[in-house]
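Please examine the sequence and the three-dimensional structure shown below. The paragraphs that follow lead from the whole chain to some of its parts.

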Amino acid sequence: MPGVRVLYGSKDSYELQIPAINEIESIFGIKWANKIWDGHANPPEIPGNVELGKKLSEIVGSDNVFLDASIRLKHSLGMSSPEILDVRNSNFPAIVDAVVTPDEKDIIPLLAFLESMKIHGVIYGGGTSVNGSLQSKKNAETVAISTERLRKLNISEDYAVVGSGWKGFELENKLNASGYTLGHFPESMEGSTLGGWIATKAAGQESNYYGSIEDRLLAVSIMRSDGVVADTISPRESAGLMAKDVAAGSEGKFGIITEAAVKLDRLPTKRFYRTFVVESFEAGIAFLRNMKEIPAITRLSDGVETEFSMKNSRDSIGLKYVRKVVRMRKFIDPSLLITIDNNQDRITKPPRSISIGSSPAKIWERDRYKRPYLGNELWMRGIVPDTLETSARWENLVELYNSTISLFKTLQGERKFRGFIMSHISHVYPQGACIYFTFAIKSNKEPDDLIAIRDAMLSNFIRMGSPVTHHHGPGKLMRKFVDGNKLHMQSLLRDPVFSEVG
Ligand SMILES: Cc1cc2nc3c(=O)[nH]c(=O)nc-3n(C[C@H](O)[C@H](O)[C@H](O)COP(=O)(O)OP(=O)(O)OC[C@H]3O[C@@H](n4cnc5c(N)ncnc54)[C@H](O)[C@@H]3O)c2cc1C
């Protein structure tokens, strides 16, 4: 039996060059040819609740109720590394009792039923959450409400009213066909939904140009067990707290975001691409800090990520030339800077940098949604990849980077796991930037090591005055790091059907 696929996206293969494979083999002591897991899990044999299924069928129709164990497992977890690791080790989360895919008209009666029966609801968009926010209560009857059928799409000039169940590429392709873009490009475009973006307060890769998801919202409709909360579709409203303010970052706790009126931009008429190697990550950060205008994509990799990118580039005369110039110029920590701009060329050359043309930026863009498949390749070879991200003011960024990397290395020495850590800066603001850490480990006590690393890194973010997350949302996994008063304030808005997880 193939079981349920628990890895990201529809593919597993990611093209790696021999030097990159050699590097991974040597760090983790593995043979690349040896795959030890296919990324699937067999759900435990917990029978579906037939009585509950019948009652749900009366509300949403029998074609929209699922009791099958595989479907229920799929809707009981997201794609955070602790969740995938647990499932890989057959340590299953609480599994929902049923999955429903309601039409918009059935949602209010569905919520009334769940509330009257004290049944817990979990809202499921694309399932790409990386923070445990899809996990439900153990020992509580729970129904996963999938937004799959919420597919309204009315495109007007410069805005559209969009059902929350649209997935990234599907929606963007429809908008592109009318000459528009939403301007929201998360790496998870293939699997994540509009509702999930809003509920996690997500940021796309071109946020420097288009803003993050909250900047794209004109109005939102939320269906709750006590009624519908909706904004007017207007350029601005000042009638206090709006549905869109409540929806952004609500993580499924305040009700179902059924649709949103989103701002559209015309597709860019031209893209500009430039790539540089700067002498160090720190020099790159200083350059970003002083930039007068920020190109749509401005992505600075640290030395480790840069070296891995070079090892994974096809061996070419260009690459040999870059390596030679980097040596000649005695760069201490060569760091790659990818810049792409829309409509106008606002890209300037960093001081003392080596300009390496447009190709690396174009290749980065070509592969930008495939990179998560490298994570799948690692999982299948017994390696545990993970990411954490935060934002910091410019004056703290270098120290936050150095202290986080050194924490990881200290833990590696103490706990004796194999692993690596690398970082990049992506979303850039006048006051600071988002810094993203990618790491991977392998040991004989991975769940404990993973939690120890995550807790230490998150505590360090907080010690440095940074949030626990810039765009993934805290979810269940990082909730303990969120300020108690903030959680209390948020709890006032909670819908009882979507009460506390865990
Ligand atoms: C490979 C990979 C790359 C990623 N890249 C990015 C990135 O570039 N930028 C970024 O910001 N994030 C990224 N993420 C994180 C993830 O894709 C986002 O958090 C995304 O917004 C989640 O959307 P989803 O539809 O998958 O939501 P889900 O995972 O289904 O749900 C996430 C949360 O939102 C709630 N929710 C979902 N839909 C609704 C709704 N209609 N109403 C109310 N609540 C709802 C759920 O209950 C849950 O709490 C990435 C994740 C992966 C696995």
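Predicted model: local features only at pLDDT ≥ 70, side-chain atom pairs only at ≥ 80, totals over all residues.

How many helices and how many strands make up the secondary structure of the chain? The secondary structure comes to 17 helices and 20 strands. The radius of gyration is 23 Å, close to the 23 Å that the globule rule gives for 502 residues, so the chain is as compact as a globular protein of that length.

Along its principal axes, the C-alpha trace spans about 75 × 55 × 45 Å. Of the 502 residues, 46% count as buried. Contacts in the chain can also be sorted by separation in sequence. Among those between residues at least 6 apart in sequence, 76% join residues that are at least 24 apart.

Four strands form an open sheet, and their order in it is 3-4-6-5. The pairing in this sheet is mixed. Its edge strands are strand 3, residues 65-66, and strand 5, residues 120-124, each of which pairs on one side only. The partner of strand 3 is strand 4, which comprises residues 98-100; the two pair in the antiparallel sense over two bridges. In one of the pairings, V65 has V100 in strand 4 as its bridge partner. A helix accompanies this sheet: helix 2, residues 50-60, lies across strand 3, strand 4 and strand 6. Relative to strand 4, helix 2 runs at about 5°.

Strand 10 pairs with strand 12 in the antiparallel sense over six bridges. Within strand 12, V262 stands opposite L217. Strand 10 also runs antiparallel to strand 11, residues 227-230, and four bridges join these two strands. A hairpin through two residues connects strand 10 to strand 11. The bridge partner of R224 in strand 11 is G227.

The surroundings of the ligand come next. Which residues are closest to the ligand? The ligand is surrounded by 37 residues, and the closest are G125, G195, G196, A202 and G252. The elements that give two or more residues to this shell are strand 5, helix 7 (194-200) and strand 12 (256-263). Helix 7 gives the most to the shell, with five residues.

Where does S133 lie? S133 has its place in the loop between strand 5 and strand 6. Is S133 buried or exposed? A residue is buried if 20 or more other C-beta atoms lie within 10 Å of its own. S133 has 25 C-beta neighbours inside 10 Å and therefore counts as buried. Leaving aside neighbours within four places in sequence, S133 is in contact with G78, E251, G252, G473, G475 and K476. One of these contacts, G252, is 119 residues from S133 in sequence, yet their C-alpha atoms are 8.0 Å apart in space. G252 is also among the residues closest to the ligand.

Note on methods. Residues numbered from 1 in each chain as written. Pairing = 2+ DSSP bridges. Contact = placed C-beta atoms within 7 Å. Axes fitted to C-alpha atoms, helices over the stretch in contact; angles between N-to-C directions. Rg over C-alpha atoms; globule rule 2.2 N^0.38 Å. Buried ≥ 20, exposed ≤ 12 C-beta atoms within 10 Å, placed from the backbone. Near = placed C-beta within 6 Å.
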